Amino acid sequence: MVLVKLFLAFLRIGLFAIGGAYSFLPLIEKEIVQKYGWLTEREFLDILGVVKVFPGAISVKYATYTGYKIAGVLGAIVANLGNTLGPAILIIFVFSLYTKYKNLPSVKGASNMIQLAVFAMIIAVAFQLINVNQLIHLKGLLIVVVCFILFMYTKIHPAAIIIAVGFIGAFLKT
């Protein structure tokens with residue numbers, strides 16, 4: 001029964017996490033922390049810190065971790081199957097419709113509103129990831145501003161920015 005729950009939880013996550021990457025986090029938290037209690041809130045945030053270090057999709061890493069924690073290797077496989085099956089089928093179906101209707105004002109309007117909603121959820125999760133008090137200190141604010149500028153206005157790879165800041169943080173007092 002737990003394998004079915006894992007599959008269905010990650011199927012819902014995969015189907016409704018529009019926007020990719022961090023847009024998955026509110027859905028993952030709702031399913032695996034609030035609904036099923038498979039992870040605590042603290043564990044959810046701790047795992048997020050760990051999974052950001054490894055390459056690949058966040059939802060795949062959460063599906064793997066949660067599935068493995070709950071039901072071992074088979075749980076990890078089932079959670080990942082649920083996570084990827086729904087979007088794969090949906091993409092095939094929607095792509096055939098989207099290419100036909102993408103220029104309709106209602107389709108453009110829906111897409112724009114969904115982008116705004118995803119943006120709002122990403123900001124909310126970003127604030128959950130940090131101690132907001134770090135932003136009132138010059139060092140924390142400087143790191144945020146410099147990283148934002150480097151990401152937005154240079155061709156420096158995001159991984160290089162993250163690694164560089166990690167090294168800086170390792171040698172500065174926090």
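Predicted model: local features only at pLDDT ≥ 70, side-chain atom pairs only at ≥ 80, totals over all residues.

Reader: Okay, how many helices and strands does the protein chain have?

Author: The protein chain has 7 helices and 0 strands. Reading along the sequence gives the pattern α-α-α-α-α-α-α.

Reader: And what does the C-alpha trace span along its principal axes?

Author: About 50 × 45 × 25 Å.

Reader: Let's do packing. At what angle do α1 and α2 pack?

Author: α1 covers residues 2-16 and α2 covers residues 24-35; the angle between them is about 160°, and their axes are 9 Å apart. Angles over 145 degrees count as roughly antiparallel, so α1 and α2 are roughly antiparallel to each other. Their crossing is right-handed.

Reader: Which residues make that contact?

Author: From α1 you have A9, F10, R12, I13, G14 and F16, and from α2 there are F24, L27, I28, E31, I32 and K35. By class, the residues of the α1 and α2 contact divide into 8 nonpolar, 1 polar and 3 charged.

Reader: Moving on, how do α3 and α4 pack?

Author: α3 and α4 pack at about 130°, with their axes 10 Å apart. That angle makes α3 and α4 oblique to each other. The crossing of α3 and α4 is right-handed.

Reader: Who's touching whom there?

Author: E43, F44, I47, L48 and V51 of α3 meet K61, Y62, Y65 and K69 of α4. In the contact of α3 with α4, 6 residues are nonpolar, none are polar and 3 are charged.

Reader: What about α6 and α7, what's the angle there?

Author: About 160°, with the axes of α6 (residues 138-153) and α7 (residues 158-171) 10 Å apart. α6 is therefore roughly antiparallel to α7. The crossing of α6 past α7 is right-handed.

Reader: Nice. Switching to pockets: what's the volume of the largest pocket?

Author: The largest pocket has a volume of about 2400 Å³.

Reader: How many residues line it, and which lie nearest its centre?

Author: The lining has 49 residues, and K52, I130, I143, I162 and V165 lie nearest the centre of the largest pocket. I143 and V165 also came up in the contact between α6 and α7.

Reader: Which elements give two or more residues to the lining?

Author: Those are α3 (41-51), α4 (58-101), α5 (105-129), α6 and α7.

Reader: Which one gives the largest share?

Author: α7 does, with 10 residues in the lining of the largest pocket.

Reader: Last one: how does the lining split by class?

Author: The lining of the largest pocket has 33 nonpolar, 12 polar and 4 charged residues.

Definitions and conventions:
Residues numbered from 1 in each chain as written. Heavy atoms only, no water. Axes fitted to C-alpha atoms, helices over the stretch in contact; angles between N-to-C directions. Helix = DSSP H or I, 4+ residues; strand = E, 2+ residues; numbered from the N terminus. Parallel < 35°, antiparallel > 145°, perpendicular 65-115°, else oblique. Left-handed = near helix turned anticlockwise from the far one by under 90°. Contact = heavy atoms within 4.5 Å. 1 Å grid on protein atoms, 1.4 Å probe; cavity = no way out; pocket = protein on both sides within 12 Å on 5 of 7 lines; lining within 4 Å. Points joined across faces, edges and corners; volume = space filled by probe spheres on them. Nonpolar A, V, L, I, M, F, W, Y, C, P; charged D, E, K, R; others polar.
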